[in-house]
Amino acid sequence: MTGTTTPRFDQQGALGWRDRALDGLNCVLRCVEAVLRFRGLEPLAVARALNGPLDPVGRDLAKDFDGCRVDYRTAFDDGGRNVPFLLERLAAGEPVMVLPDRFHLPGDVYEGRFHFHDHAVLATRWSPRDGVITVLDTDADPDDGFRRHWTLTPGLRALFTWVGTVAVTRPPDTTDPEEYFAARLHRDTELFSVGARALGELFDELTGTGLDPVTARALHVLVLGDIQPLLFLYGNALAGPLEPGGATGLPPGMAAVRTAAFGARVCAKRLGIALITAHEQSDPPAVYPRVLELARPLRTALDRLGEALCAAGGRDGLADAGAGDEAAARLRERFANIKGTCFPLVEGAAT
């Protein structure tokens, strides 16, 4: 445990959080990171706990981690069924992540319109006397510690359709950076090379068909929820000791991989942020084609990372046609799941 009695969003202690919470991670991972820091993990240990296979298509960065686990409970038909669990956990001192049904979130842009689930907050405290739940929200005022206070009215109970708790599953990973990298190099190179190709094919498909409001939002969730943090966490997990002048004491090949991963994550962030900005324009479909042009520098950056992994001694999996077909199928399934789960237009659309 840290010295605080509840988790907090700490920009100075967080991984890469500079101007905005989407610097490297997303809202879900900022919540998990806050819990891990609250449990006493230092930044490198947090990065390695959140790291996992370098798989752009098969890994779900809402739950697939090397050193921790998120246990989710869903009640999409009635969020109120999750409230007793939520209050019980908070009373026991355990934070609970909430992906609110924005249809029921007071003041939200989608209130009364759509049952969208594309944002996460971290509930940290329950005051029975006031009937107030305190949550950490990356979109809240930094001067108030990124806190919001929700009064648990009968109407608000419906928004708790998707909640989760975070558990640390293994001791902090203190492996030497070179050993850490060598142990995963061949597996990660194969997974990444095949997955990056599948991602490029998805970009081609979406460029050909065009983006509608749902596919555009699903793409921003994929890019900011999976692709950017995948690359960002990988780079942070490879951190080595700093040498005089700020250089990392890593072998050149390993340092090149780390640099390429960080470069690609910046390109992913630019695409994702541009998509979010486009959603708010007066005619989003007219803007989306220009935004999709940002997929090209991302693909180039992913190619550079693949080349760096191979130069460091990794073996790619591009010769295996079956692996490529499987990766493409997994990505299509993942993308369809994002659309159906996060942005169900039909069920919750306002008339």
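Good morning, colleagues. The model is predicted, so local features need pLDDT of at least 70 and side-chain atom pairs count only at pLDDT 80 or more, while totals for chains, interfaces and linings use all residues. Residues are numbered from 1 along each chain as its sequence is written, and side-chain values use heavy atoms, with hydrogens and water left out.

Let me begin with charge. Side chains of opposite charge can pair when their charged atoms come close. A salt bridge here is a side-chain nitrogen of Lys or Arg within 4 Å of a carboxyl oxygen of Asp or Glu. The structure holds 20 salt bridges. One of them joins Asp-23 to Lys-269, with 2.3 Å between the closest N and O atoms. Asp-23 lies in the segment before helix H1 (27–38) and Lys-269 in helix H6 (residues 252–279), so this pair ties together parts that are 246 residues apart in sequence. Helices (H or I, at least four residues) and strands (E, at least two) are DSSP runs, numbered from the N terminus. Asp-23 and Lys-269 are both buried. By buried I mean under 20% relative accessible area, by exposed over 50%, and by partly exposed anything in between, with a 1.4 Å probe and protein chains only.

Another salt bridge is formed by the side chains of Asp-60 and Arg-334, at 3.4 Å from N to O. This pair, too, links distant parts of the chain: Asp-60 is in the loop between helix H2 (43–50) and strand S1 (68–74), and Arg-334 is in helix H9 (residues 321–342), 274 residues apart. Both Asp-60 and Arg-334 are buried.

Are the partners in the salt bridge of Asp-71 and Arg-69 buried or partly exposed? Their closest N and O atoms are 2.8 Å apart. Asp-71 is partly exposed, at a relative accessible area of 33%, and Arg-69 is partly exposed as well, at 38%. Salt bridges can also join into a network, as they do for Asp-66, Arg-184, Arg-187 and Asp-188.

I turn to a residue in helix H4 (residues 177–209), namely Thr-189. Thr-189 is buried, with a relative accessible area of 1%. Which residues does Thr-189 contact, leaving aside its neighbours within four places in sequence? They are Leu-309, Cys-310, Gly-314, Arg-315 and Asp-316, where contact means heavy atoms within 4.5 Å.

Next, the aromatic rings. Rings of Phe, Tyr and Trp (its six-membered ring) pair if their centres lie within 6.5 Å; planes under 30 degrees apart count as stacked, over 60 as edge-to-face, and the rest as tilted. The structure holds 10 aromatic pairs. Among them, Phe-9 and Trp-17 are edge-to-face, at 5.7 Å centre to centre and 65° between the planes. Phe-9 is buried at 7% relative accessible area, and Trp-17 is buried at 4%. In the pair of Phe-76 and Trp-162, the ring centres are 5.7 Å apart and the planes stand at 85°, so this pair is edge-to-face. Phe-76 lies in the loop between S1 and helix H3 (83–91) and Trp-162 in strand S6 (residues 162–168), so the pair ties together parts 86 residues apart in sequence. Phe-76 is partly exposed at 41% relative accessibility, whereas Trp-162 is buried at 14%.

Ring pairs also link Phe-9, Trp-17 and Phe-146 into a cluster. Phe-146 is in the loop between strand S4 (132–136) and strand S5 (147–151), and is buried at 5% relative accessibility. The phi of Phe-146 is near 60°, a positive value in a residue other than glycine.

Some charges sit over rings, meaning that NZ of Lys or CZ of Arg is within 6 Å of the ring centre and within 35 degrees of the ring normal. The charged end of Arg-48 is placed in this way over Tyr-180, 4.1 Å from the ring centre. Arg-73 lies over the face of Phe-85, at 4.2 Å from the ring centre.

Finally, a pocket. On a 1 Å grid over the protein atoms alone, a pocket is an open set of points where a 1.4 Å probe fits, with protein on both sides within 12 Å along at least five of seven lines; lining residues have an atom within 4 Å of a point. The second largest pocket has a volume of about 270 Å³, a volume being the space filled by probe spheres set on the points, which are joined across faces, edges and corners. Its lining has 13 residues, of which Ser-193, Ala-196, Leu-302, Asp-303 and Leu-318 lie nearest the centre. Which helix supplies the largest share of this lining? That helix is H8, with 6 residues; H4 and helix H8 (295–311) each supply at least two. Thank you for your attention.
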